[in-house]
Amino acid sequence: MHTLPNLARLTLLGLSLAFTALSALAYESVRDQEIAQCLPGEMATWGDGQDQPAAAASLVFVYVHTNAPAWFTPSQVMSAVQAAAAAWSQCGVAGRVVQQAVDSPVKGDAGRDGTVLVQWGDLSSRGNFGLADLGKRTLALGPAAFQLLKTRNPAYDASQTLQMVISHEMGHFFGLMAHSRRCVDVTSYYSNGQGEKCFVRDERLRRTVLEYRSALPTACDIQRCMRANSAAP
């Protein structure tokens, strides 16, 4: 005698779960749209810098694996550097990546040929996950910061964070000096330290993912890069 009510409850539960799943997909698709699109008025920055042409007409990122955390393999980090360079190259400034042998000096004069040393070091990264030094032509990654992340959350796969940090810092060498106010941009800051937050198309999206930033340059990132390098009006 309870068959129909139970079926009704199961049907309602099924509909509820389906709605939740569809909602999650909708949220994901909106974030995907933010990554792929740059709508009028969305290209906004915190005003903490002035975009400029890239450090050189073409860039060569030389990766040295020394001092990297043990759980990051050379090929894994190289792949992340290559992915970032390929994505940023869409804005008209060529970027390529080479791996340097540990016991070999870095070749090239960064001031003349656009060589950028990608290295691991707590001193050069100043305790951050990553730091771009345009004067010294170094993109430093912080071993201690990644170690702290692993200590606090051993189950977390930091590969996404690694990609995002490399992409973010590399953007400075392509000319993007200001940080974006659009949360999804890889060049974004989530807040300006004064209570103001970055913006998203749907505020509910902030709670759907651990890291809202894109791991690679978005459409707005690339458009800003093109403008900085005079490849777009």
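**View 1. The largest pocket has a volume of about 380 Å³.** The model is predicted: local features need pLDDT of at least 70, side-chain atom pairs count only at pLDDT 80 or more, and totals for chains, interfaces and linings use all residues. Residues are numbered from 1 along each chain as its sequence is written, and side-chain values use heavy atoms, with hydrogens and water left out. A pocket is an open set of points on a 1 Å grid over the protein atoms alone, where a 1.4 Å probe fits, with protein on both sides within 12 Å along at least five of seven lines; lining residues have an atom within 4 Å of a point. Points are joined across faces, edges and corners, and the volume is the space filled by probe spheres set on them.

View 2. Strand 4 (130-133) and helix 6 each give two or more residues to the lining. Helix 6 gives the most, with 6 residues. Helices (H or I, at least four residues) and strands (E, at least two) are DSSP runs, numbered from the N terminus. By class, the lining has 8 nonpolar, 6 polar and 3 charged residues. Ala, Val, Leu, Ile, Met, Phe, Trp, Tyr, Cys and Pro count as nonpolar, Asp, Glu, Lys and Arg as charged, and the others, Gly among them, as polar.

**View 3. The largest nonpolar core has 38 residues.** Such a core joins buried Ala, Val, Leu, Ile, Met, Phe, Trp, Tyr and Cys residues through side-chain atoms within 4.5 Å. Buried means under 20% relative accessible area (1.4 Å probe, protein chains only). Residues with the most contacts inside this core are Phe-61, Trp-120, Leu-162, Ile-166, Met-170 and Phe-174. Elements giving two or more residues include strand 1 (58-63), strand 3 (115-120) and helix 6 (159-173). Helix 2 supplies the largest share, 7 residues.

**View 4. Met-170 touches Phe-61, Val-81, Ala-84, Ala-85, Trp-88 and Leu-139.** Residues up to four places away in sequence are not counted. Contact means heavy atoms within 4.5 Å.

**View 5. A second, separate core has 7 residues.** Trp-46, Cys-198, Val-200 and Leu-205 are among them.

**View 6. Helix 7 is mostly covered.** Of its 10 residues, 7 are buried. Among them are Cys-220, Asp-221, Arg-224 and Cys-225. Just after helix 7, Ser-230 takes a positive phi of about 65°.

Definitions and conventions
Buried < 20%, exposed > 50% of the residue type's maximum accessible area, 1.4 Å probe, protein only.
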